[in-house]
Amino acid sequence: MKFAKKIYVALIFLFLYAPIGTLIVLSFNASKTRSKWGGFTVKWYVSLFQDETILQALGMTLLIALLSALAATVIGTISCVAMNNMKRRTRAVLMGVTNIPMLNADIVTGISLMLLFISFGLRFGFGTILLSHITFNIPYVILCIMPKMKQFNPSVYEAALDLGASHITAFFKVMLPDLAPGILSGFLMAFTMSLDDFIITHFTKGAGIDTLSTKIYTEVKKGIKPEMYALSTIIFVTVLVLLFLVNAAPDKKQDAVL
Amino acid sequence: MKYKKNILAAPYVLWSALFIIIPLCMIFYYGLTDKSGAFTMENILAIASVGHAKALWRSLLLSLISTILCFLLAYPLAMILAGKKGNQTGFIILIFILPMWMNFLLRTLAWQTLLEKTGVINGILSFLGLPPLRIINTSYAIVLGMVYNFLPFMVLPLYNALAKIDENIINAAKDLGANKIQTFFRIILPLSVPGIISGVTMVFVPALTTFVISTLLGGSKVLLIGNVIEQEFTQASNWHLGSGLSIVLMIFIIINMLVTALLEKE
Amino acid sequence: MQKELIKLEHISKSFDGQMVLDDLSLNIHENEFMTLLGPSGCGKTTTLRILGGFVNPDTGKVIFDGADITNVPPNKRHLNTVFQKYALFTHMTIAENIAFGLKIKNKPKSYIDDKIKYALKLVNLEGYEKRMPDSLSGGQQQRIAIARAIVNEPKVLLLDEPLGALDLKLRQEMQYELIRMKNELGITFIYVTHDQEEALTMSDTIVVMNQGYIQQIGSPESIYNEPENAFVADFIGDSNIIAATMIQDKLVEILGARFACVDTGFGTKKPVDVVIRPEDVELVEPECGTIKGVVTHLIFKGVHYEMEVMANGFEWLVHSTVLSPVGKEVGIKVDPFNIQIMNKPESEDEEAIAIEI
């Protein structure tokens, strides 16, 4: 029975990670077509750093992920504090609205934002992508912080006031450190979601601007540049190493983040 | 204790009104009007046309199959993972989140390489003397792509629900004479219902509405309702029709939520 | 009595339309150990939170040392609170916890260090500076919560059921500790609890509260021995509360038998309630008692036996060091001094007014 369990888990992980393995293998494939193995090479890793358009898309992807995750984290944290003090019914309504982007289909969220930007006459481009990403990131941040908020003992905050702290001091010195793990995981979650998003970006980006996702999508028909495989391998391995280091660190607080 | 904190809610209330509520209203506005701005039901009734109805039916069928497959694959996995000693939640979430750091379009495309006529899987099959698998550019490949992409969304809520069950509840059931199968169906399964519900929603909705997976793995042969809507917006520029079909899509999402909510009550 | 330090004047407060405090007035003196005692929902914690500044009263005033502080925020008040379940800052060391209030007031480092030492000595936890709150036991965390409050030299310390989370033995120990600390500090303690034994042990003054009203204010002895109404009698200790008729001054008819008592001024043939503490009921030979009964239950409680005696249709609760077996016929006798006569409350409001005196 134990053996069967192990086999089962192994098969599922094979299923999940087989495409990733495939992509890593392809990044070392000398042949330009996906379907043939043309020998081992690292030339795509070299040419990657000369490919302006890919580097630009990478920069754009990271910038949007970083900015949208930061903005969503700030807005999300503030609204969690606010929601915690709300009457139950008001809070339920706002949480319901918060859940809409998560429960609704990405395609509907994408086109709804597209229609909004069109009727406001906004120019499609960096700004519209950023606004959209902040919008779908906030719910993830709230989702990560709210449980920590509910665990937070309001007496601790009151104790800080009682000892003479102002509301701002009490928030930064007492409440924020308690919420920190939730805020950090909310930020990471938002960053990941933004990085991986294609559908919403697809509808809210303008011509001439691309994230990695949209660039790959346009390349699908004419064939993916092998440099893309090299880039995603680099990203994947970097994240893997980072996570390994964080997990290996003995600090308990960091463990709680993951 | 009203420390004027209600002001703090203002930014997000404003944001959600502007970027969640109003955009949704716009879909309804476009969906229920024609190009001249007059009210019409045509965009919604357009779902009945042969091509659209077929795409919707196919989407429903494929997403339903994918959801069931995800559930059947994920439940045993979640049980095995939840049965592990010690708190491994962090590690398990990590394992399932990690693939997200490799672009999902590329990961899905990688299945092309694996499934192709001369691809890796068929190479292994022919080496074993088995007949080749010819599913690329068919509905089967799309189902596979859906299960692959959305399996983590089924595993995580199931794992969370199962890991929460107190071991003593299961012990109590055994103590009262239930065997393994009875314990599973009478105790474990009912207690994991919240996990099942969020898992089903998190798989069914994106599977029903996807247009990417069908584009990447279905060739251009298999159209889903998501593809139809996407084309109305990006190619045909008929936002009214696209919005109308989106409303239909949302109706199915709401039906799914209602059904799961009803199941939860029981 | 010392001079008055805090006056609560006509405080009312309701939450979501539900009245929690109704026109409450209370004077608190310097160096007093005052306990607000009552069942949950009686308004005692709300009273404390109004004193601490965490709740604003709907009407009424809080006067502190002659100044109106009703609208002063908690961080500007000269009183400190020891919270239920301690509310320590778990991400700070013990020393940082204690130093929190002093740092906010920008006290010099040497002063803060001295204060931490002094406070830890006061609560018997010297050498714990570098420890984290999570590594301490409940009782130790409680002491740190007190240390954190008192380093700010408040004139009043508010304690919100501080011993509620501790086990019985520790709770009794901490009761003595608290009395010692209060004497050492020479400040006012306002203490909230639902535990009558705690209140009786520690307080100078007990305020018994119920349903937003003060039921009785007095020393532990007077509260215990002379409860002013059935609620107080019932809430403080075990007691036999029996409907009776005042025949005339110093004579009361209980369950058809006439008992001598010492109270006067209740009128004649007036319905009243009498309170008789179980330890004041004497069991004697049947023919020597005022009324006769039969022992129906018997439990050994350690210091005494607890018995129930059925007599004239009432189940009397009796505490005695002498055992009377179940089924034995006994006589019941009560010393006139031990019969406490109370007016019958006609309505809740009247009950409240009657005791505000």
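1. The axes of helix 4 (residues 88-103) of chain A and helix 1 (residues 6-31) of chain B come within 10 Å of each other and cross at roughly 50°, where axes are lines fitted to C-alpha atoms, for helices over the stretch in contact, and angles run from 0 to 180 degrees between N-to-C directions. Helices here, like strands, are DSSP runs numbered from the N terminus (H or I, at least four residues, for helices; E, at least two, for strands). The two helices are therefore oblique to each other, given that angles under 35 degrees count as roughly parallel, over 145 as roughly antiparallel, 65 to 115 as roughly perpendicular and the rest as oblique.

2. Helix 4 of chain A passes helix 1 of chain B in a left-handed crossing (left-handed if the near helix is turned anticlockwise from the far one by less than a right angle, right-handed if clockwise). On the chain A side the contact (heavy atoms within 4.5 Å) involves Leu94(A), Val97(A), Thr98(A), Ile100(A) and Pro101(A), which meet Tyr12(B), Val13(B), Ser16(B), Ile20(B), Ile21(B) and Leu24(B) of helix 1 of chain B. By class, this contact of helix 4 of chain A with helix 1 of chain B has nine nonpolar, two polar and no charged residues, where Ala, Val, Leu, Ile, Met, Phe, Trp, Tyr, Cys and Pro count as nonpolar, Asp, Glu, Lys and Arg as charged, and the others, Gly among them, as polar.

3. On provenance, this is a predicted model, in which local features need pLDDT of at least 70 and side-chain atom pairs count only at pLDDT 80 or more, while totals for chains, interfaces and linings use all residues. Residues are numbered from 1 along each chain as its sequence is written, chains are lettered from A and ligands numbered from 1 in the order in which they are written, and side-chain values use heavy atoms, with hydrogens and water left out.

4. For chain B the mean pLDDT (the predictor's confidence in each residue, from 0 to 100) is 86, and 96% of its residues reach 70 or more.

5. Helix 3 of chain B passes helix 7 of chain B in a right-handed crossing, and the residues of their contact divide into 25 nonpolar, four polar and one charged.

6. Chain A has 12 helices and zero strands, and 52% of its 258 residues count as buried (under 20% relative accessible area, with exposed over 50% and partly exposed in between, for a 1.4 Å probe and protein chains only).

7. In chain C, eight of the 11 residues of helix 2 (residues 94-104) are buried, so this helix is largely enclosed by the rest of the structure. The buried residues, among them Asn97(C), Phe100(C) and Gly101(C), pack against helix 7 (154-162) and helix 8 (167-196) of chain A together with helix 3 and helix 4 of chain C. Just after helix 2 of chain C, Asn106(C) takes a positive phi of about 55°.
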